[in-house]
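Hi,

Here is the structure I promised you. Please open it next to this email and follow along.

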Amino acid sequence: VIAAPACAILTGAATWFARTVRQADTVNLVGATLTAALSLSLAAIGVADAGDPHRGAWWVLDAAGGVFLAVIAVIGLLSALVAPAQLAASGRGLVTAARGRAMYYVAFYAFWAALLLIPLVDNLGLAWLLVEATTGASALLVAYSGTRGALEAGWKYLVLTTFGLAVAMLGIIVLYVAIAPNGGALATLDWQSIARAAPRLADGPAVVAFVLIVAGLATKVGWAPVHNWLPDAHSEAPPAVSALLSAALLPTVVLVVWRVLTTLGPALAPGTASALVLAFGLVSLAVAVPFLWRSMAWKRLLAYSSLEHMGVLAIGIGFATPLATAGVIVHVAGHALAKSLGFYAAGPMLRHAPRAHERAVRGLAFANPPTATAAGVSVGALAAMPPSPLFVSELLILLGGISAGETAVTIVAALLLALGFLGIAHALIDVLVGEPRVKRWRSARSARRLNRLTAVCGVLMLALTIVAITLPGSATV
């Protein structure tokens, strides 16, 4: 449990002391591969022993944690592998070019290490602390380019998410006092301790604690209406960082909300806890749809797609049925692969068409087929077009809503998803075959790299689709 995040921290420290750019990139490659291998091995143990979670003094390794750990490992590895090319083209940022790469790697690996620990900690207080730790490292990465827009986005992200986490901290204090009015140890906030104490908690403190914790964490997830930082941060951060933010950070905080729902939720009146989470999900879908219908810059489109998909996850965990749970797990993995590929495609796109940072890209199939292929696979999957795993996951979640008796919520969610699909599908057609706005460019090395990433993500998504339709939860349809 310690080895994977420790490897990430040591890799970041080693890059700081590298004497040359080449040495730093070599350390990055070796460290990222080892970190991902250790994390995936740990994830495999958690998934294989789903019925018997492993526990330690401060950690737990269960099936859900294993899945999220695997997603963080894969996205972290891919983001580390594309970093050298991204950094080579970025030029000077917040600091001199000589130290810029070292600063990037240190912040990146600190961010990755914190993300790897969040699914493993068996304590709400520690989970909050780690979520807060991701804020500092990722804010530096968001502002890495040093432009005015990046600095504003990093500052907005830092202020708004810190404020949200302060609200969540207040809720944790209320919960702590409710469970142990005479004081207690940090173990009072262990997930198992919260679940045992929930039936005897008074309604008032339990409701206040739950609402504050979920509303505070919603800011970090990017659920509407507290999502204001998300579009700017995703569009201003380096592409590999945007991938880690959207594909790993947001769903990992959803996991914390999910555990709060399952442990503290029973202390509330039946249906109250799930109703709040479902409300966040529906509002997020409703807010995302109008933006998905607009013509906007590539990374900003992906950012609003994140708002939509985090809303889907909220609806899935709110339904809390076996079908919906299976859909949530598939959705987390499928969204991570599709979204990260879209952000990786933004790298060459922004290098050869800088105006893509400000306005919608059109005619990409004419300008550069490899980039168009990556963008098409990404957005097609995010639109939930078959055989995307997101098509299966959204179907499972909606069927889970029907089996939960939430027919009205399911119908509204289905309509909003249909509207979102139409918006993203239109954007996909416009991006690929619309009237060209960018000139044709060729880059053999960049094309080979992007083709490999597209092949890897595409194969993994197809494999995930096959797994999704054979999940135990889907077998009950």
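Keep in mind that this is a predicted model. My notes cover the backbone.

Some background comes first. Most peptide bonds are trans, and most residues other than glycine have a negative phi. The spots below go the other way.

Cis peptide bonds

Start with Ala 224 and Pro 225. The peptide bond that joins them is cis, and its omega is about 10 degrees. Where does Pro 225 sit? Look in the loop between helix H8 (203–221) and helix H9 (229–236).

Next, go to Pro 386 and Pro 387. The bond from Pro 386 to Pro 387 is also cis, with omega near 5 degrees. Pro 387 belongs to the loop between helix H15 (369–382) and helix H16 (389–403).

Positive phi values

Is Ala 384 buried or exposed? Its relative accessible area is 9%, so Ala 384 counts as buried; the cut-off for buried is under 20%.

Now move to Ala 320. This residue is not a glycine either, yet its phi is positive, at about 55 degrees. Find Ala 320 in the loop between helix H12 (298–319) and helix H13 (322–352). Ala 320 has a relative accessible area of 55%, so this residue is exposed. Exposed means over 50%.

Take a look at each site in the viewer.

Best wishes

Key
Residues are numbered from 1 along each chain as its sequence is written. This is a predicted model: local features need pLDDT of at least 70, side-chain atom pairs count only at pLDDT 80 or more; totals for chains, interfaces and linings use all residues. Side-chain values use heavy atoms; hydrogens and water are left out. Helices (H or I, at least four residues) and strands (E, at least two) are DSSP runs, numbered from the N terminus. Buried means under 20% relative accessible area, exposed over 50%, partly exposed in between (1.4 Å probe, protein chains only).
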